[in-house]
Amino acid sequence: TRTIVITGAASGIGKKTAEILRDRGEKVIGVDLKGVEVSGDLSTPEGRRTAADEAIALAGGTVNAVIACAGLSAPKSITAKVNYFGMTEFLEAIRPALAKAEAPRAALISSMASMQPVAEPLVDAFLAGDEATAVAIAEQLEQDEAAATAIYSSSKRAISRWVRRVAPTAEWAGAGIPLNAVAPGTVVTPMTADLLASKEGSALVDAMVPMPLNSHQGPESIANLLIWLISPENTHCCGQTIYCDGGADTVLRGDDI
Ligand code: NAD
């Protein structure tokens, strides 16, 4: 049995991932605001640390894998806190417990929204690890409805870059820990339910995220890929963001690889 810590395990993709792993007999320690093993708020530095400590204690000190799913899509400054620092700081806090494990692995969720227009100063503040500046920029963006959508895309652009930067370092690759991301297209979860409920909302999403292969996806499409990325079979995937998005990345990015 492997012990796997999953953030955002109370809903959507994280919940589905936890279900599949439990069905396979793995031990899952969920982290979310409420309703799972560890209640914690990943929007604050203190909340991240406490949640990681509690998860490690429940795991008995050794964690085989961690999957960071918790995130928000609201065009608000809290999205900057949860989507970037709530993933990076949580993963860093769990890393020592991973380093003690057999076949340790880590994965997180980015988004094909990382390809959409971003606010470069916000991306830079994220990657500098400067939460105060990132939040200040996000609070500015939040004032303007059109600009505010860049909070989410910037958080995801930064998280995909962070994965590329840290995955090959001594702390991760050097310690034998593959770290990778998955970028979904439009996944049918509580996060997208309101948007997809109306024809107009759905059309708006589809104009931004074209999915020629099978259209909108269920959470299991992402869960199964995350599960492979954290499996012992994944020996050489390092620092990648894997687009599992019905082809949206290929349509939007074309030849630009
Ligand atoms: P969801 O809303 O169903 O689940 C997200 C979970 O994160 C919730 O359980 C929520 O309570 C938790 N969370 C939010 N803020 C938190 C906090 N401060 N502390 C702890 N937990 C917190 O959404 P989902 O669709 O399953 O999204 C999961 C991830 O996938 C997110 O990172 C999201 O950005 C990403 N994503 C989703 C889609 C989509 O179409 N649904 C597309 C691309 C990327």
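Predicted model: local features only at pLDDT ≥ 70, side-chain atom pairs only at ≥ 80, totals over all residues.
**A walk through the sheet and its surroundings**

Let me start inside the sheet, where Ala107 has Asn180 in β6 as its bridge partner. Residues are numbered from 1 along each chain as its sequence is written.

That bridge belongs to the pairing of β5 with β6, which is parallel and runs over four bridges; two strands pair here if DSSP finds at least two bridges between them, and strands (E, at least two residues) and helices (H or I, at least four residues) are DSSP runs numbered from the N terminus. On to the neighbouring pair: β6 is also joined to β7 by four bridges, again in parallel, and there Ala181 stands opposite Thr241.

How are the side chains of β6 arranged, and are they buried or exposed? Leu179, Ala181 and Ala183 point one way, Asn180, Val182 and Pro184 point the other way, and all are buried, where buried means that 20 or more other C-beta atoms lie within 10 Å of a residue's own, exposed means 12 or fewer, and partly exposed is in between, with C-beta atoms placed from the backbone. In a regular strand the side chains alternate between the two faces of the sheet. Because six of the six residues of β6 are buried, this strand is largely enclosed by the rest of the structure.

Stepping back, seven strands form an open sheet in the order β3-β2-β1-β4-β5-β6-β7, with parallel pairing. The edges are β3 (38–39) and β7 (241–244), each with a single partner strand, so one side of each is left without a neighbour in the sheet. Elsewhere in the sheet, β1 (residues 3–7) and β2 (residues 27–32) run parallel and are joined by five bridges, with Thr3 opposite Lys27.

Finally, the ligand has 26 residues around it, the closest being Gly8, Ser11, Gly12, Gly71 and Thr189; a residue is counted as near if its C-beta atom, placed from the backbone, lies within 6 Å. Helices α1 (12–23) and α7 (190–197) each supply at least two residues of this shell.
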